[in-house]
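Subject: Structure handover

Hello,

Here is the structure we talked about. Please open it next to this email and follow along.

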Amino acid sequence: MRVYVPLTLPGLAEAYRTGELGSGPFTAYAVTPTLREWFVSDDIEELEYAALGRAALASLRLLAADPDAVRRRIVVAADVPDGAVTAGPDRGDGSRGPGEVTVAGALPLAKAAAVHADADDAEEDVTAAAGALEAADGGDDDAQFLVDETEDHELLWYATQEIPGLVRLA
């Protein structure tokens, strides 16, 4: 199963240093039945893009919690055995959204297929969105607009061999 792991640049640097994306259990995103229902599509590429988008939003939340991190969303795509991932139904309290899964054990960075990251020109919008997340969660439409603006920035694709260059930005 392909999972999308939300990180920050410092988180990617730590994964590069330790060789692990996470020691488990940790949250990632994938094409799940709940995501299929939410996105209403049978096209696997569209569904994977939706899972990537959910992970990008989770990365934005990580940035909001770490004011010192470079303001770029980071998502690592990795392949894991199906049995290493559990997806639960949305509990109705917003604690598990569409596509959210739990990776049970350690995930070696060597299992990464690619890294997706914001370009330099996204930093201003990502900074504004990270600062607006709490208000957006509270129902503020203007703040939600700022969060939604980040979706206008496509995450760039990086080969795993390019990780050393990315972590130098951290």
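Twelve nonpolar, five polar and seven charged residues make up the lining of the largest pocket. Please keep in mind that this is a predicted model. The lining has 24 residues in total. Gly53, Arg54, Ala56, Leu57 and Glu151 lie nearest the pocket's centre. The space inside the largest pocket comes to about 530 Å³.

Which helices supply at least two residues each to this lining? They are α2 (33–39), α3 (44–65), α4 (123–137) and α5 (141–149). The largest share comes from α3, with nine residues.

Next, look at α3 itself. This helix has 22 residues. From its first C-alpha to its last, α3 reaches 32 Å. That is close to the 32 Å expected at 1.5 Å a residue. At the start of α3, look for Asp43. One of its side-chain oxygens comes to within 2.8 Å of the backbone nitrogen of Glu45.

Several residues of α3 are buried, including Leu47, Ala51, Leu52, Ala55, Ala58 and Leu63. Arg54 is on the buried list too, and Arg54 is also among the residues nearest the centre of the largest pocket. An α-helix has 3.6 residues a turn, so residues three or four places apart point the same way.

Now the aromatic rings. How many aromatic pairs does the structure hold? It holds one. Trp38 and Phe39 form that pair, and it is tilted. The ring centres are 6.3 Å apart, with 45° between the planes.

Then go to the loops.

- Thr32 sits in the loop between β3 (26–29) and α2. Thr32 has a relative accessible area of 4%, so it is buried. A polar atom of its side chain lies 3.4 Å from the backbone nitrogen of Gly99.
- Arg72 is in the loop between α3 and β4 (74–79). Is Arg72 buried or exposed? Arg72 is buried, with a relative accessible area of 7%. Arg72 and Tyr49 are 23 residues apart in sequence. In space, their C-alpha atoms are 18 Å apart.
- Leu109 lies in the loop between β7 (107–108) and β8 (112–117). Leu109 is buried as well, with a relative accessible area of 11%. Along the chain, Leu109 and Ala15 are 94 residues apart. Their C-alpha atoms are separated by 6.7 Å.

Last, take a helix residue. Where is Glu134? Glu134 is in helix α4. Its relative accessibility is 72%, so Glu134 counts as exposed; the cut-off for exposed is over 50%. Gln144 is ten residues from Glu134 along the chain. The C-alpha atoms of Glu134 and Gln144 are separated by 9.4 Å.

Best wishes

Note on methods
Residues numbered from 1 in each chain as written. Predicted model: local features only at pLDDT ≥ 70, side-chain atom pairs only at ≥ 80, totals over all residues. Heavy atoms only, no water. 1 Å grid on protein atoms, 1.4 Å probe; cavity = no way out; pocket = protein on both sides within 12 Å on 5 of 7 lines; lining within 4 Å. Points joined across faces, edges and corners; volume = space filled by probe spheres on them. Helix = DSSP H or I, 4+ residues; strand = E, 2+ residues; numbered from the N terminus. Nonpolar A, V, L, I, M, F, W, Y, C, P; charged D, E, K, R; others polar. Expected span 1.5 Å × (residues − 1). Buried < 20%, exposed > 50% of the residue type's maximum accessible area, 1.4 Å probe, protein only. Polar contact = N/O pair within 3.5 Å; in protein donor to acceptor, adjacent residues only side chain to side chain. Phe/Tyr/Trp six-rings, centres within 6.5 Å; stacked < 30°, edge-to-face > 60°.
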